[in-house]
Amino acid sequence: MAIIKVQKGTKDILPEEMPIWHFMEDTANKIFTKYGAKEIRTPIFEATELFARGVGDTTDIVNKEMYTFEKSERSLTLRPENTAGVVRSFIENGMHRLSAPVKLWYKGPMFRYERPQAGRQRQFHQVGVEVFGISQPTADSEVILMAVNYLSALGLNDLNVEINSLGCPKCREVFKTKLKEAIKPYLSELCPDCQTRYEKNPLRLLDCKVPECKEIYGKPEIQKVIQSDYICEDCAQHFNELKGYLDNLGIKYSVNKLLVRGLDYYNRTVFEITSNNLGSQNAVCGGGRYDSLVKNLGGEDVPAIGFAMGMERLASLIGQREDVKTTAFVVCNDSLQGIKLTEELRKNGITAEFDLTNKKFVKQLEKASKTAKYALIIGEDELAADKVTIKNLETSEQKTVNRIDVLKELA
Ligand code: ATP
Ligand code: MG
């Protein structure tokens with residue numbers, strides 16, 4: 001019979017990969033908790049409208065990449081990202097009443113119908129942070145610090161932090177108009193996506209990956225507009241203060257005026273962290289400020305900023321991590337004695353196993369030396385004398401102790 005295979009763009013995370021995933025998850029908990037963030041878990045599917053309104057219906061994510069299905073005449077979508085879901089929950093649970101800032105972090109699977117390739121899956125995982133209630137650039141710097149320190153705690157330091165300011169809806173309009181004017185003569189040469197972006201969301205033109213479009217946007221008269229300081233005084237001050245904090249905190253970054261990010265809801269600060277060791281899908285973290293999203297989704301006027309990181313990309317940078325060995329493997333031909341000692345160890349916080357098949361002593365010892373740090377041997381002599389031989393499987397040293405002293409010895 002034909003076997004059923006895992007779906008294109010999805011992957012099993014196998015037991016041997018788990019040490020990396022636990023490391024990423026435990027480190028997230030540890031680092032984000034230090035910043036006062038609390039974990040939140042929102043459902044994997046939400047009303048389709050949440051993403052259409054929250055992420056924006058001119059984005060690739062909403063236009064092309066959503067897994068949408070109908071159930072009881074309701075349109076539902078597997079979450080392509082988690083900011084919209086967290087904001088929905090923030091509003092629904094009245095979290096604006098909590099004292100600001102409200103800092104939340106999450107981890108979990110996201111779904112996007114993309115062309116699968118290295119570093120790009122249809123089900124992938126993100127870990128992310130959202131900070132609500134603070135409009136000052138202190139929050140921007142705090143969020144960037146959380147990202148950088150998390151990556152550094154994972155041992156990832158060969159990274160580039162890129163920042164940009166998209167300005168506010170007011171000053172951005174001026175920029176959009178100028179950008180459109182400069183690009184207009186080349187309109188017919190742009191890719192079909194850019195033709196639509198030109199009308200619906202001209203900022204996103206700069207995000208295009210098509211070489212012909214990139215070449216056009218590289219032309220001097222267009223670059224002049226892109227590189228100009230178009231943002232208003234307030235936005236410029238916000239951006240300068242942020243840069244000041246990062247400079248003083250020793251966070252290396254560069255300003256990338258082409259950085260506009262894929263989502264519609266950003267204003268002022270956007271940032272991305274890329275790795276030099278990932279090939280073409282090199283972004284590990286994307287984030288930005290979204291001061292109007294809470295209100296747009298029906299909540300109070302609450303400013304916010306956050307980021308999301310792709311965990312598969314982090315995992316491939318972290319590389320191999322040693323699986324932690326079981327502490328004790330009980331080698332014994334009397335199953336009941338084996339079970340009893342193993343359970344006693346487990347109850348006292350020691351990871352322990354014993355051979356469930358009652359194989360020969362040598363076979364049991366072989367298995368022990370592959371998987372454990374210590375073999376606890378109960379042979380016939382030991383059984384008769386109520387003793388256990390503890391063998392250190394790394395050094396081969398061994399000693400025989402009274403059965404009741406085993407715990408003390410292992411401690
Ligand atoms: P990209 O430019 O790589 O498509 P994006 O702008 O779509 O990224 P975001 O929506 O900002 O990405 O998501 C944040 C992070 O999630 C990315 O930096 C990346 O590490 C990861 N990510 C996004 N899409 C995928 C995917 N399809 N497979 C694996 N990781 C992904
Ligand atoms: Mg994308």
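## Ground rules

This is a predicted model, so to speak of local features we need pLDDT of at least 70, while side-chain atom pairs count only at pLDDT 80 or more and totals for chains, interfaces and linings use all residues. Residues are numbered from 1 along each chain as its sequence is written, chains are lettered from A and ligands numbered from 1 in written order, and side-chain values use heavy atoms, leaving out hydrogens and water.

## Around ligand 1

Ligand 1 has 14 residues around it, and R112, E114, Q121, R261 and A283 come nearest (a residue is near if one of its heavy atoms lies within 4 Å). An oxygen atom of the ligand sits 2.4 Å from a side-chain N or O atom of R261, and R120 has a side-chain N or O atom 2.9 Å from a ligand oxygen. A283 uses its backbone instead: an N or O atom there is 2.8 Å from an oxygen atom of ligand 1.

By class, the shell has five nonpolar, four polar and five charged residues. Strand β10 gives the largest share, three residues (strands are DSSP E runs of at least two residues, helices H or I runs of at least four, numbered from the N terminus).

## The five-stranded sheet

An open sheet runs β13-β12-β14-β15-β16, with mixed pairing (strands pair if DSSP finds at least two bridges between them). Its edge strands are β13 (352-354) and β16 (398-402). Five bridges join antiparallel β15 (residues 387-392) and β16, and I390 stands opposite K399 in β16.

Notes. Polar contact = N/O pair within 3.5 Å; in protein donor to acceptor, adjacent residues only side chain to side chain. Nonpolar A, V, L, I, M, F, W, Y, C, P; charged D, E, K, R; others polar.
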